[in-house]
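This report describes selected features of a structure.

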Amino acid sequence: MTQLQGAIAATRFGMGARPGEIAAASSDARGWLKAQIKASAAAIPDNGLLSTKQVYEARREIQMENGMAPGAPGAPQPVRGQNQQPGQPTEAQRTINQMIQRESREGLQKEVAARGRHAASTDTSFAERWARFWANHFTVAARNAQIIGLVGPFEREAIRPNVFGNFGTLLGASSFHPGMLVYLDAARSIGPTTEAAKRRDAGLNENLAREIMELHTLGVGSGYTQADIIEFAKALTGWTIGGPQTARLAGIRPNAAGNGRQQRALREVAQEMQREAGEAIFVEQLHEPGSRTVLGKTYPGAKGQASAILDDLVMSPATAHHIATKLARHFVADHPPESAIKKIETAWMKSNADLSAVARAVIDLDEAWAEQPVKFKQPEELLISVARATGEDSAFGRDQRAVYQSLAQQPFSAPSPAGWPDDTASWSGADAIKKRLEWANSVSRRMSRAMTPSEFLDRALGPIAGTRTRQAVSRAESAEQGFTLALMSPEFQRR
Amino acid sequence: MTLALNSFALNRRHLLLAGFSATFISAGAANAATPESKGRKLVVIILRGAMDGMAALPKIDDPDIRAHRASLIDPKAIALSDGFALHSAMPKLAALYQAKQAAFVPAIAGPYRERSHFEAQDLLECGGVKSVSDDGWLNRALQKAPAAYSAVSIGPSQPLILRGASTHTSSWSPPVLPEASDDTLNRLMDLYESDPVLKASLTAAVGAEAVAGSMAGDKSMGGGRGGGPAQYTPQLQAAGKFLAQPDGPEIAVVSLEGWDTHTGQNGALQQRFTALDNGIDALRTQLGDTWKNTAVMAISEFGRTVRVNGGQGTDHGTGGLAILAGGAIKGGRMYGDWPTLKAAALYENRDLTPAVDARSVFKGLLRDQLGWAANDLDSKIFADSAVAKPMGGLV
């Protein structure tokens, strides 16, 4: 029985058992998991990976080296959306954009590799699963050239350091990170009555405000209105990314003539903005002035306005319910029992959204320790669990991109801000199963013959592997076929 | 009712199936033809992300359109009829309209009135009014089909619209890695005997592969994940290939992603409209003779704001646009009414007010194209939908 507890801890709560891990977790499975509740356990070694600031610096260097000062009229605009109007880019701009794109793609590949390696080797894989849950909750996906370079830094800077802290801290770090501001268009959203908006014929973009309420906090259908979204979007205006382009947008010119107090102040602001390139900053000139009313409460204007609204969203019971449901779905079942949701909700409210307390409550859910695995693994989970059991990364295949693409889950590339779906039906369609079989069939040819397929079952699943699967695997006509059946077995496809 | 696979072409894999699943292949199941369908086909294209219908088909004679969105109107749009013009990136669709093989339903929307993509897509696919169910309306339709119809979706994941109790569904995308041997497949079938979910999926996959046979190895066919505009043509071609098979499925579902244009809309849509235009044309070519019996419907979860936003884009709106095409469609005309763009006529002073319930179009096509019974449409397939009467005369 305790072996089973250890196996559940390592596979359902963790990312899959490494050799010996089931035994190590078995004496005190819940304690083994709770020992992983610390910020350092969710960190990823970032040797060689760029910070957001470095990504922007690298872009700037490319621009400088190619004779285009950033922010100059016609220069490539780091925060602009896809196919921004007006005007077509010149040949030089296209070259620069291509170079930036190439560098971003290389950066993304490094991020994918580092993240996969870490998940395959970490001995705190519950913390890893927990971090990935929140990264998916606050999805920033590599949708286009402007965002590709930022998805990795976003997860490492905004998400991972905060997943065992207060939810409010995590929400703030996510909402005001350049990655999120670009991904959900807030970096280009301008208070509609500001001078900047009139000058630019630009204005409000409600995307981030909507998704924070719908996806990150309250949840859809929880009672907020379109008017609340617009008010919140106005409160979020002014939050953007430092850099010369933002300075121009705000009408702040570093070389403004004159020696009046106002001009000097403007110059100082402009210089500061140069220094802050690639940082999330608040620019008053872009912020819609005045108080805002969201969900019946009035918030006075300026810099602290959006944060004050976020603080109240954190403490809303709707947020507790929305996130408790998602957590229960992730750790218990696609349709989790009310009892499980309620327990997480209670821990959330009692601890004022302290995610360490919430994590402990999830581990303590009796509902999550059912004998049979019911959660269907997503493709990334499947690959990582093979790599963990074998200690090899053959699971990822020779061409990682192609394997991820075939299984329809390219890391950092969720199809929408809602993130990857977390239910069986989304991943178990006919073609998906066929692709998994093709994958298993090709991986099994490369798996080390140092262990037999039955030993693989022992290591990876322990007592979770049922008689039927054990028999099928042991009766296979070749080691290859045995591995294929083990990888495709109902127990290994689930957690 | 017989298994979809059974009506698909036979190949070596088909022989495997007979052995393991007697429940599917019921007595007298040599159905092969489905006479009720008379070779008619339905293609449902879900344009995910909310296409700006007013950019695709601006009502250029609406006196208020320029005040709302002058910068979003294509100056080269091709005039069609009734004051509507089609974006110039879709010349082939315009030609189909002139040939009376394409039509449009402006200001269309489901019963949903909020603006969440995800909830709206789920409701569009499950056919519900307020709450999302685990099964889609096309799956429920298959359970009540007038004959042993089957459906296929193109892409690695089965969309909600086809999920549910009916197993007459399959999904397909091209193989990337070498396939497993028949022996391995047989053993896996056996291993899945007590796992209904995996068993049903593997069964359907084998069936789809039997049809796709000649497509295997051709990676241009429906390749890659759902993906952007570059995938539109291969996905629609793959759908055409399935439908054109003798005894192939009656229904195909294709998801085309990338329509959420919050910023820089004109450039993004130029690319997507071009890809959609080419994709529908490729579907027509692939279908060959079958095109004349085919109805294609493309629809989004909702429309977009009437006014341009701060980033030369549009935000989530309400009334959208359905595109109808195919030899079976009574084309060359606009269906429904135009609610106008007067400030007072806008929904919540921002969106195009819906004039047609999307379920009316779904029901009209199911009834008139493929012969579903009206009372099943009103209750079992689209619960509580009597208010949305089937739209007649589409085919």
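In helix H6(B), the buried residues are His117(B), Ala120(B), Gln121(B), Asp122(B), Leu123(B), Leu124(B), Glu125(B) and Cys126(B). A residue is buried if 20 or more other C-beta atoms lie within 10 Å of its own, exposed if 12 or fewer, and partly exposed in between, with C-beta atoms placed from the backbone. Helices (H or I, at least four residues) and strands (E, at least two) are DSSP runs, numbered from the N terminus.

The model is predicted: local features need pLDDT of at least 70, side-chain atom pairs count only at pLDDT 80 or more, and totals for chains, interfaces and linings use all residues. Residues are numbered from 1 along each chain as its sequence is written, while chains are lettered from A and ligands numbered from 1 in the order in which they are written.

Eight of the 10 residues of H6(B), which spans residues 117–126, are buried, so this helix is largely enclosed by the rest of the structure. The cover over its buried residues includes helix H7 (137–143) and helix H12 (358–370) of chain B. Just after H6(B) comes Gly127(B), with a positive phi of about 75°.

Chain B also holds an open sheet of eight strands with mixed pairing, in the order E6-E5-E7-E1-E8-E9-E4-E10. Strands E6 (169–172) and E10 (356–357) of chain B are at the edges with a single partner strand each, so one side of each has no neighbour in the sheet. Two strands pair if DSSP finds at least two bridges between them. Strand E4 (residues 102–109) and strand E9 (residues 320–325) of chain B run antiparallel and are joined by six bridges. Within E9(B), Leu321(B) is the bridge partner of Pro106(B).

The largest nonpolar core has 265 residues, and those touching the most other members are Ile344(A), Ala252(B), Met297(B), Ala322(B), Leu324(B) and Val361(B). Such a core is a set of buried Ala, Val, Leu, Ile, Met, Phe, Trp, Tyr and Cys residues joined through C-beta atoms within 7 Å. Helix H11 (residues 265–287) of chain B gives the largest share of this core, nine residues.

| Property of chain A | Value |
|---|---|
| Helices and strands | 27 helices and four strands |
| Box filled by C-alpha atoms, along the principal axes | roughly 85 × 50 × 35 Å |
| Buried residues | 57% of the 495 residues |

Terms used. Two residues are in contact if their C-beta atoms, placed from the backbone, lie within 7 Å.
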